[in-house]
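Welcome! Please take a look first.

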Amino acid sequence: MIWRHRPDHASLNGLHGLLFMNATAEILFRPPAPAPRKKPLGFFGMLHTLRNNPIEIWTEDHFRKTVLIGSSAFGVRAVINDPAAVKRIFLDNAANYPKDELQLRVLRPGLGRGLLTAEGEDWRAMRRALAPLFTPRQVAAFAPAMDAAVCDCVENIRKKRDGRVLDMSQEMARLTLAALERTLFSTGLGRNADEFQRAVTAFLDTAGRLDPLDLLGLPDFLPRIGRMRGRKTIEWFAQTVRDIVETRRALIASGKPAPRDILSLLLEAQDPESGKGLSEEDLYANIITFINAGHETTANALTWTLYLLSQSPQWLERVETEAAEALANGAIETLADRMPVAKAVLEESMRLYPPAAILTRGVLKAEELAGVTVPPGAIVTVSPYVLHRHQTLWRDPDRFDPTRFLPENRESIDRFAYIPFGAGPRICIGMGFAMQEMSIALARLTSAFRFELQPGHTVKPMQRITLRPLGGMPMIVRHR
Ligand code: HEM
């Protein structure tokens, strides 16, 4: 095999991102990621890195070993990369691994006790009440609204000059917010969309940033500077949601027909066991949760996918051909089913850049995981980012290769080695929603445009709550 090395993708600022070509001119593309450390960070280095870009903490051992356990000022922490142990944590013995205090402390000030941050019986009742909003049938019913949001985005981009550089991470954030707006509150947010988007980004940036005081487990009464800055955004959100709900209640009270969107469904939602609806507090918490959990995650997955396709002409061509056929034949509700190649590309994109890069859980009772006993009070970390690039689980893990996810190969992937949406009872409730939205977006965007990374721009993944491209994703957008 003849290897060719393109320096513009390689070893930039400590990142590795390599492009090779073999004898059959097949491109072997290894997109940028921080090079794993040789040795673990010390205390202050760890604090600094966890605050600024947590995916830079991982060492070579994390990508080689199935379990690493250690104790420090942050308490006992185990990083788990063994699919059987992942299954135990998220499915078989999930009751022993509730969401840990640190994660709840970071998320609850902004999200309240919505589905993502509720625990125990509160969570169970809420999940039962909200499940009907996300059944495959209900999600398919949202397809036309999603498509309308995608078509608006395409039209807005088309109005711009051919060949103009656009930050595609911002465009995708606008798109996914518009899709949520049309499915959540079809009568509108009553706010300027850009203002709304800025608020979500600011929220995830400040409120969702790990604070050293949280990491050290210091009590809540000590003020967190970052979170204080986020408070204004949180209040803005609360007021926005209150206004939307009031407007909808007034519409329902007036006897006029209300749209069948998520807001109406939430107002009607009931726990089938107790017959109880959502309390006012639960209603707000879940609206804010859906916006925050569903917006940047989906936007980032799409942005990374556009970037990866821009580096891989073969896969781009396959997606374009598939999209043209899928859009021309059949209903928008079933479009995603007609796009197995796009699905494989999206899955590979979320393997390399999982929007939720770290999942953590507390430990109630001691248990053996992958041959090591985790004690009560420890925190177990399962990082989709590490798991998805683990050397024992994937062939050439850093390489972009959607073939892994084509229908004929998909079965051979261990269910608990690939978890971009989590697993078990707390699996992402919006998974089908996101996959459908991303398929529609990819079909329309690749049919309308070609995207090329702005020359000279260095791509670097940065983890906040989601895995974003640092400095956005500036791309030259050419009309097709
Ligand atoms: C590509 C897009 C998305 C990704 C990668 C993603 C990822 C995840 C992950 C990993 C979890 C599990 C967290 C854990 O176990 O600690 C989760 C939970 C959740 N997601 Fe998503 N998500 C996406 C889109 C969405 C969308 C579109 C919505 C809503 C419209 C949504 C709403 C939620 C909610 C409410 C939960 C909490 C579920 C529960 O605990 O019962 N997500 N998501």
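How many salt bridges does the structure hold? The structure holds 28, where a salt bridge is a side-chain nitrogen of Lys or Arg within 4 Å of a carboxyl oxygen of Asp or Glu. This is a predicted model, in which local features need pLDDT of at least 70, side-chain atom pairs count only at pLDDT 80 or more, and totals for chains, interfaces and linings use all residues. Residues are numbered from 1 along each chain as its sequence is written, and side-chain values use heavy atoms, with hydrogens and water left out.

| Pair | N to O distance |
|---|---|
| E367 and R88 | 2.6 Å |
| D271 and R128 | 2.8 Å |

D271 sits in the loop between α11 (262-268) and α12 (280-310) and R128 in helix α4 (residues 120-130), so their pair ties together parts 143 residues apart in sequence. Helices (H or I, at least four residues) and strands (E, at least two) are DSSP runs, numbered from the N terminus. D271 is buried at 6% relative accessibility, while R128 is partly exposed at 23%; buried means under 20% relative accessible area, exposed over 50%, and partly exposed in between (1.4 Å probe, protein chains only).

The iron atom of the ligand has C428 (SG) as its only protein donor, at 2.3 Å. Donors are N, O and S atoms within 2.8 Å of the metal (3.2 Å for Na, K and Ca); water is not among the atoms, so sites may look incomplete. C428 itself is placed in the loop between α16 (407-410) and α17 (431-448).
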